[in-house]
Amino acid sequence: MAFIIILMAVGILLILTEILLIPGVGIAGISGVLALGGSCFYAFSEFGQSVGTIVTVFNVVLIVSLTVYVLRAKTWKKLALNTNIDSKVNIISENAVEVGDCGRTVTRLAPMGTAVIRDVRYEVTSLEGVIDPGTDIEVVLMEDNKIYVKPVQEDF
């Protein structure tokens, strides 16, 4: 009788491992089902029909109740990541940068990069292709907290 209880415990443990730790149908789940089936087979062959029926019914009730518990309890919520990202990049106050302001690129804009405008670093986007570092730029457009720039054309 101890062998049947050990097979049932190992089967339940392997099935729970499959459900909670190793997603998909794998060796642990198949081994768990085989262990439970083996406990039923061993109970029928060694102790007769009445004990075999009791073991089979107990296994079915145990599997159904564990499945219901795993699906209805907050098991999945404990395993899930529940954090939200609420921060934003490049939040620009209304008067910090305006169209027509000039600055200098810090990194290469291909088409995005970093520039210094009014002594503050911003992430900017080039309207005219690639702009090398150290190039003087002018703010052309502000849209949805994005700064669009173009290189300053020097008059000779």
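## Basis of the model

Strands (E, at least two residues) and helices (H or I, at least four) are DSSP runs, numbered from the N terminus. The structure is a predicted model, in which local features need pLDDT of at least 70 and side-chain atom pairs count only at pLDDT 80 or more, while totals for chains, interfaces and linings use all residues. Residues are numbered from 1 along each chain as its sequence is written, and side-chain values use heavy atoms, with hydrogens and water left out.

The predictor's confidence in each residue is given as pLDDT, from 0 to 100. The protein averages a pLDDT of 85, and 93% of the residues score at least 70. Among its elements, β1 has the highest mean pLDDT (94) and helix α4 (residues 75–79) the lowest (70).

## Barrel and strand pairing

Five strands close into a barrel in the order β1-β2-β3-β5-β4, with mixed pairing; the twist averages 55 degrees from one strand to the next. Two strands are taken to pair if DSSP finds at least two bridges between them. The angles run from 0 to 180 degrees between N-to-C directions, along axes that are lines fitted to C-alpha atoms (for helices, over the stretch in contact).

Strand β1 runs antiparallel to β2, to which three bridges join it, and the two form a hairpin with six residues between them. Three bridges also join β1 to β4, again antiparallel. Arg 104 stands opposite Val 116 in β2 and opposite Asp 136 in β4. Cys 102 has Glu 138 of β4 as its bridge partner.

Thr 105 lies in strand β1 (residues 102–105). Its relative accessible area is 4%, so Thr 105 is buried (under 20%; exposed is over 50% and partly exposed in between, with a 1.4 Å probe and protein chains only).

The side chain of Thr 105 reaches the backbone oxygen of Asp 132 at 2.8 Å. Contact means heavy atoms within 4.5 Å; leaving aside residues up to four places away in sequence, Thr 105 touches Thr 114, Ala 115, Ile 131, Asp 132, Pro 133, Gly 134, Thr 135 and Ile 137.

## Nonpolar cores

A nonpolar core is a set of buried Ala, Val, Leu, Ile, Met, Phe, Trp, Tyr and Cys residues joined through side-chain atoms within 4.5 Å. The largest has 13 residues, of which Val 97, Ile 117, Tyr 122, Val 124, Ile 147 and Val 149 touch the most other members. At least two residues of this core come from each of β2 (112–117), β3 (120–126), β4 (136–143) and β5 (146–151). Another core, of eight residues, lies apart from it and includes Met 8, Ile 12, Leu 36 and Val 55.

How values were computed
Polar contact = N/O pair within 3.5 Å; in protein donor to acceptor, adjacent residues only side chain to side chain.
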